[in-house]
Amino acid sequence: MKTRTRTLPRPAFLYGLALFLITLVFFLPAKSAFSQAEPARRPDVPYVPTPQPVVDKMLDMAKVKKGDVLYDLGCGDGRIVITAAKERGARGVGIDLNPQRISEAEANAKEAGVTDRVKFMEGDLFKANFADATVVTLYLLPDVNQRLRPQLWKQLKVGTRVVSHDFDMGAEWPPEKVEKIGNKTLYFWTITEANKRAAT
């Protein structure tokens with residue numbers, strides 16, 4: 001009578017299988033977390049931080065003060081919103097398509113001690129609602145500014161101040177004021193009744 005023998009798995013095989021399973025467990029959550037940090041779509045502009053002296057000048061041009069609600073469209077690391085809250089007593093909202101920038105902005109707001117006066121939102125500017133703004137700041141690109149212009153006219157209240165770093169809004173909306181700081185150019189507008197009529 002023949003005796004059947006069962007071949008046991010080799011230790012090397014078991015080790016390899018265990019290593020594979022451990023790698024699978026740890027890799028999949030990391031991959032998922034990484035994918036969540038990617039923007040919902042390709043950003044319209046590259047991220048270039050605004051130098052702090054330019055931030056201060058933009059806030060000066062808009063005469064930002066306590067009681068203002070400042071929206072920074074394409075807020076990056078949040079420095080304009082945070083400065084407006086910390087130095088001028090305003091409240092602020094930053095909107096950016098890139099979740100990494102939003103995370104940085106929230107961390108910077110916490111470090112500056114202004115989390116009670118600022119909010120950062122991941123989102124598409126062209127789908128955003130910023131109707132409660134009294135001040136809007138931008139550092140985008142000429143074509144993006146011009147695409148955004150009808151939305152600004154439609155949503156913003158008469159008297160809302162708008163300041164753009166480096167780029168204007170096209171011939172259809174000439175700035176009321178242009179100022180230089182170093183090699184940077186800043187443009188200033190105020191929303192008027194004529195803008196509101198043109199948006200309808």
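Is Asp-60 buried, exposed or partly exposed? At 42% relative accessibility, Asp-60 counts as partly exposed (buried means under 20% relative accessible area, exposed over 50%, partly exposed in between, with a 1.4 Å probe and protein chains only). This is a predicted model, where local features need pLDDT of at least 70 and side-chain atom pairs count only at pLDDT 80 or more, while totals for chains, interfaces and linings use all residues. Residues are numbered from 1 along each chain as its sequence is written, and side-chain values use heavy atoms, leaving out hydrogens and water.

**Overall build**
- The protein chain has six helices and seven strands (DSSP runs numbered from the N terminus: helices are H or I with at least four residues, strands are E with at least two).
- From the N terminus on, the order is α-α-β-α-β-α-β-β-α-β-β-β-α.
- Of the 200 residues in the protein chain, 40% are buried.

**Aromatic rings**
- The structure holds three aromatic pairs (rings of Phe, Tyr and Trp, the last by its six-membered ring, with centres within 6.5 Å; planes under 30 degrees apart are stacked, over 60 edge-to-face, the rest tilted).
- One of them joins Trp-153 and Trp-173 edge-to-face, at 5.6 Å centre to centre and 80° between the planes.
- Trp-153 sits in helix H5 (residues 142-155), and Trp-173 in the loop between strand E5 (161-165) and strand E6 (177-181).
- Both Trp-153 and Trp-173 are buried.
- Tyr-187 and Trp-189 are stacked, because their ring centres are 6.2 Å apart and their planes meet at 25°.
- Trp-153, Trp-173, Tyr-187 and Trp-189 form one aromatic cluster.

**Charges over rings**
- Arg-149 lies over the face of Trp-153, 5.5 Å from the ring centre (the rule asks for NZ of Lys or CZ of Arg within 6 Å of the ring centre and within 35 degrees of the ring normal).
- The charged end of Lys-177 sits over the ring of Phe-188, 5.4 Å from its centre.

**Salt bridges**
- The count comes to nine salt bridges (a side-chain nitrogen of Lys or Arg within 4 Å of a carboxyl oxygen of Asp or Glu).
- Asp-60 and Arg-88 form one of them, at 2.9 Å from N to O.
- Asp-60 lies in helix H2 (residues 52-61) and Arg-88 in helix H3 (residues 79-88), so this pair ties together parts 28 residues apart in sequence.
- Arg-88 is partly exposed, at 21% relative accessibility.
- Asp-68 and Arg-161 form another salt bridge, with their closest N and O atoms 2.8 Å apart.
- Asp-68 is buried at 3% relative accessible area, and Arg-161 is buried at 13%.
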